[in-house]
Amino acid sequence: MRVNSNMVPNILADLQQSQSSLNTYLQEVSTGKSVAVPSDNPIASAQMVQNTIETANVDQYSQNVTSVLSTVQSAGSALSSVVNSLTRAVSLGTEGANGTNSSANLQTLAQDVQGILTSVVAQANTSVEGNYIFGGTASTTTPYTADASSPSGYTYNGNSGSNSVAVGDSLSVQVNIPGSQIFSNASNNVLTSLANLVSALQSGNSSSISSATTALNSTIGYVSQQQEFYSNAESRLNAQETVLQQDTVTLSTQATNLIGVNEATAATELSQAETANSATLAAAAKVLPTTLLNYLSAPS
Amino acid sequence: MGSLTTSLLIGVQALEASQAALTATSNNIANSNTPGYTREEAQFSESPLTVQNSAVAGGGVMLNGIESVRDELLNLQIQQQTSQQSSADTVSSSLQSVQTLFASNGSDIASAFSSLSSSLAALSANPTDSSTQQSVLTAGQNLAQAFNSTANGLTTSQSAADQQVTQTVAQINSLTKQIAQLNTQLSSTVMSQQNGGTVEDQRDQLVQQLSTLTGISVSQSSDGEVITTANGSPLVMGGQSYNLQTTTGANGFQQVLDANGNNITSNIQGGQLGGAIQVRDQIVPGLLTSLNTLASQFATAFNTAQKAGFDSTGAAGQAFFTVPANGAASGISVALTSGSQVAISSDGSAGSNGNVANLSAALTNALPSGQTPANTYANLVYQVGSAVSNASAQSTSLGQSILQLTNQQSSVSGVNIDEETTNLIRYQTAYEAAARVVSTIQALSTVTLDMGSTQSY
């Protein structure tokens, strides 16, 4: 068989091939990505769509956890200070019911309990970043305002709604209980109980002071139960934060696996491609100029 | 016994033969880098024997002519594969610009979906924050723009392919005309028993170019070469060329008609023309349809979720996106004008975030097409990516095969400088030897004429 002496097309193809792989590896090393356009790896590119969305979501869920945690913690500490206030009010009521107090003393006790009522209302009107946390979903309205016609002297302006905040793809955590449930519930009305104790103290009737104190005492347990809700929410949020941190790691590992580059491998491949390229060039330079004419003496 | 004259005649024939061989060799060397050149060989044979007085003597050498060495079968294979490669190259280069629209670059649809989704999650935690509300609106606008620019990019590549159809048809017509002229020229040279080499080389070169433009089928008839498109519409028959025509079709794109006016657009395969038609009529419309379905179904789902809630002012939610019935992806836009119109609330109070979950669900629930918006889009990315990578892979493998065939063709028809140099020496020696024969015969003739004469010739 006659041998094809024209090596130019072959050499050009080889050079193009080695330059193209040199480019590929150079780009991989410099960008840290093995997939720049979908055709580099169609399957990985398709999977990256979900990964991109998930990554941004998980990032936002983490921020949600942080922001919701502060709300839940504020609510929890507001309720714990309400419990403290109520405990103090109960001891004031017990003191007023022992029958040894002068009428002036009882008036002082009544004023103290009235002060506690005001501070409990202040706690019920707690706001975080301008949003009232005990107003149900009516977070822009002051939940409790003074109203002389109400037995407790305050009226509830909020609603009975509650918000759940997304902290995971299929997980949302309820972040508030409406004030109507905590402070002015029909069966355990904190505000009315306090107001009743105030009027009992003012009346000076030991037995009515005593029964108002008992009624108030039972609301302490009730508020503590509501406080439990917030500490549960807090621990769920903390647990979710850990899950989200793991998700972040998983997603970024997945992204690296899909479109990332193993630096060590890429660098090795780059240097191999460099070697191959210079070998091809050297071989071309050696082979191309050689013909029989190099070895024939010029005709004399 | 032969005479001196016979020997002289043989010597002169040998000189002529060596000269012809030297001409072929020098022409080969001169054209060693001419594209499409086929090496020439001087064809010798022995002249008939001479019989004189029952003695048999050789008749010298006869020059039968100079012939080009070519392999038609290899040419055909190269033409076919060139058509396929050129089609794959056209598809791949047309879609290169398309696939950057689907690459993750921050302004693609996936990124836009991602920021809409995370801005809704943020809204879930801060339903009353006006900047968070605004960021949902902005994310919606970015998504609409991403749909618009992706759809426009697809349409642009479709019109580019359409222009390519017109240009390629013009090039095909110009080439077939030249090929027909060369066919005419070739049939007259063949008739006059001349070597058709140069003309044939030129024609093969043009046919090769034609095969990069469209898939062709080449055959030989008594009138010369017959070239048709892959589906049999005539392009060249001997000395006659048949022009393809283009006309604007019902879909607004150029349709290709054969010389008889038949629409052959959908039958054209291979070459730049086949590739451009494939991109314009199949690949891009497929992608556009999927994109439009996605835009339309997602917008409908999101609007439904929006209408289920109340905005920050307590008013019932209005449609978030406006989508036209036709060209949903290129025409989608955000209908809302303010972040406060995002239907966050489920109960009408400003602090409720109850409807945000519905809005988020529009992003994660399956659309009527059966898949979530993200998965639908991921499928599109896969389609685009695999279309490009298949076309490039096809082009690469065909390139290897063409290189192989070209090497085979060169090994048959290519000029080898070493071989030509050797031939040069060989024919030089033969010429010198033949010249020596002539001068020897001349010397002998002189001696013979001088015999018995005082006069010296």
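Predicted model: local features only at pLDDT ≥ 70, side-chain atom pairs only at ≥ 80, totals over all residues.
**Stop 1: the boundary between the chains**

Begin by colouring chain A and chain B separately and selecting the residues where they touch. On chain A 46 residues take part, and they are in contact with 51 residues of chain B. Within chain A, the elements that each supply at least two residues of this side are α1 (8-31), α2 and β5 (164-168). Which element gives the largest share of the side of chain A that touches chain B? Select α2(A): 18 residues of that side come from this helix. Colouring the side of chain A that touches chain B by class gives 22 nonpolar, 22 polar and two charged residues.

**Stop 2: a helix pair across the boundary**

Next, select α1(A) together with helix α9 of chain B, residues 373-413. The two helices pack at an angle of about 160°, and their axes are 10 Å apart. That angle makes α1(A) roughly antiparallel to α9(B). The crossing in which α1(A) passes α9(B) is left-handed. Show side chains for A:P9, A:N10 and A:A13 on α1(A), and for B:L403, B:T406 and B:N407 on α9(B); these residues make the contact. By class, the contact of α1(A) with α9(B) holds three nonpolar and three polar residues, with no charged residue.

**Stop 3: a helix pair within chain A**

Keep chain A in view and select helix α2 (residues 42-97) with helix α5 (residues 190-203). Their axes come within 11 Å and cross at roughly 25°. Are α2(A) and α5(A) roughly parallel or roughly antiparallel? The crossing angle makes α2(A) roughly parallel to α5(A). As at the previous stop, the handedness can be checked by eye: α2(A) passes α5(A) in a left-handed crossing. In the contact of α2(A) with α5(A), six residues are nonpolar, two are polar and none is charged.

**Stop 4: the two domains of chain B**

Now turn to chain B and colour it by domain. Domain 1 is made of two segments, 4-69 and 415-450, while domain 2 covers 76-403. The centres of domain 1 and domain 2 of chain B, taken over C-alpha atoms, are separated by 63 Å. Where the two domains touch, nine residues come from domain 1 of chain B and six residues from domain 2 of chain B. To find the main contributor on the domain 1 side, select strand β4 (residues 61-68) of chain B, which gives the most, with four residues. The side of domain 1 of chain B that touches domain 2 of chain B comprises three nonpolar, four polar and two charged residues.

**Stop 5: a helix pair within chain B**

Select helix α3 (residues 109-125) and helix α8 (residues 356-364) of chain B. The axes of α3(B) and α8(B) come within 9 Å and cross at roughly 160°. This crossing makes α3(B) roughly antiparallel to α8(B), and its handedness is left-handed. Display B:F113, B:L116, B:S117, B:L120, B:A121, B:L123 and B:S124 on α3(B), which meet B:V356, B:L359, B:S360 and B:L363 on α8(B). The contact of α3(B) with α8(B) has eight nonpolar and three polar residues, and no charged ones.

**Stop 6: the open sheet of chain B**

Finish with the four strands of chain B that form an open sheet in the order β5-β6-β7-β8, with antiparallel pairing. The edges are β5 (216-221) and β8 of chain B, each with a single partner strand, so one side of each has no neighbour in the sheet.

Walk across the sheet from β5(B):

- β5(B) and β6(B) pair over six bridges; B:I216 stands opposite B:T229 in β6(B).
- β6 (residues 224-229) and β7 (residues 234-237) of chain B are joined by three bridges, and B:T228 stands opposite B:P234 in β7(B).
- The hairpin of β6(B) and β7(B) has four residues between the strands, and B:G232 takes a positive phi near 100°.
- Two bridges join β7(B) to β8 (residues 240-241) of chain B, with B:V236 opposite B:S241 in β8(B).
- The hairpin of β7(B) and β8(B) has two residues between the strands, and B:G238 in the turn has a positive phi of about 60°.

How values were computed: Residues numbered from 1 in each chain as written. Chains lettered and ligands numbered in written order. Domains from an automatic or database assignment. Contact = placed C-beta atoms within 7 Å. Nonpolar A, V, L, I, M, F, W, Y, C, P; charged D, E, K, R; others polar. Axes fitted to C-alpha atoms, helices over the stretch in contact; angles between N-to-C directions. Parallel < 35°, antiparallel > 145°, perpendicular 65-115°, else oblique. Left-handed = near helix turned anticlockwise from the far one by under 90°. Pairing = 2+ DSSP bridges.
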